[in-house]
Amino acid sequence: MSPTPDPAAAIRPDADGVRLRVRLTPKASRDAVGRLERLSDGNEVLVVHVRAVPSEGAANTALCRLLAEATGVAKSKVDLVAGTTARLKTVRILGDPAALAARLATLAAAAK
């Protein structure tokens, strides 16, 4: 049995917010922030599902909008910083690092 995923591995506080490693699933049946998951390479990610298709950035836009709603920050404070065309992405969310990390960890724990 693999160890329980650690939120600190996927949700990293920095000076002005958090950086979040995400595995995005587009064309899902609903928009949802899922659980923390350990990948086969050992990296941990937050699983997120969006209804948008991965065409012309629609899924990336939906990801940023969903994370903004889930964390209670403005859409302008959520930015995709890596993985524009990949399923694995890094998202930066500006705000209080401790509060954002706690909120994301709570959302992930509730999705189990």
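Exposed residues are those with over 50% relative accessible area, and buried ones have under 20%. The legends below refer to a predicted model.

**View 1. Helix H3, residues 97-110, from end to end.** The helix holds 14 residues, which at 1.5 Å a residue should span 20 Å. Its end C-alpha atoms lie 20 Å apart, in agreement with that expectation.

View 2. The buried residues of H3 are Pro97, Leu100, Ala101, Leu104, Leu107 and Ala108. Seen down the helix axis, they fall within an arc of 130°, so they line one face of H3. An α-helix has 3.6 residues a turn, so residues three or four places apart point the same way. Ala98 and Ala110, on the other side of H3, are exposed.

**View 3. Elements packed against the buried residues of H3.** These residues pack against helix H2 (58-71) and against strands S1 (11-14), S2 (17-25), S3 (32-38), S4 (44-49) and S6 (88-94).

**View 4. The hairpin of strands S1 and S2.** S1 and S2 run antiparallel and are joined by 4 bridges. The hairpin connects them through 2 residues. Aspartate 14 stands opposite glycine 17 of S2.

**View 5. Pairing of strand S2 with S6 and S4.** With S6, S2 forms 7 bridges, and the two strands run antiparallel. Arginine 23 has leucine 88 of S6 as its bridge partner. With S4, S2 pairs in the parallel sense over 4 bridges. Threonine 25 stands opposite histidine 49 of S4. Both S6 and S4 are also among the elements against which the buried residues of H3 pack.

Definitions and conventions. Residues numbered from 1 in each chain as written. Predicted model: local features only at pLDDT ≥ 70, side-chain atom pairs only at ≥ 80, totals over all residues. Heavy atoms only, no water. Expected span 1.5 Å × (residues − 1). Buried < 20%, exposed > 50% of the residue type's maximum accessible area, 1.4 Å probe, protein only. Arc of directions from axis to C-beta. Contact = heavy atoms within 4.5 Å. Pairing = 2+ DSSP bridges.
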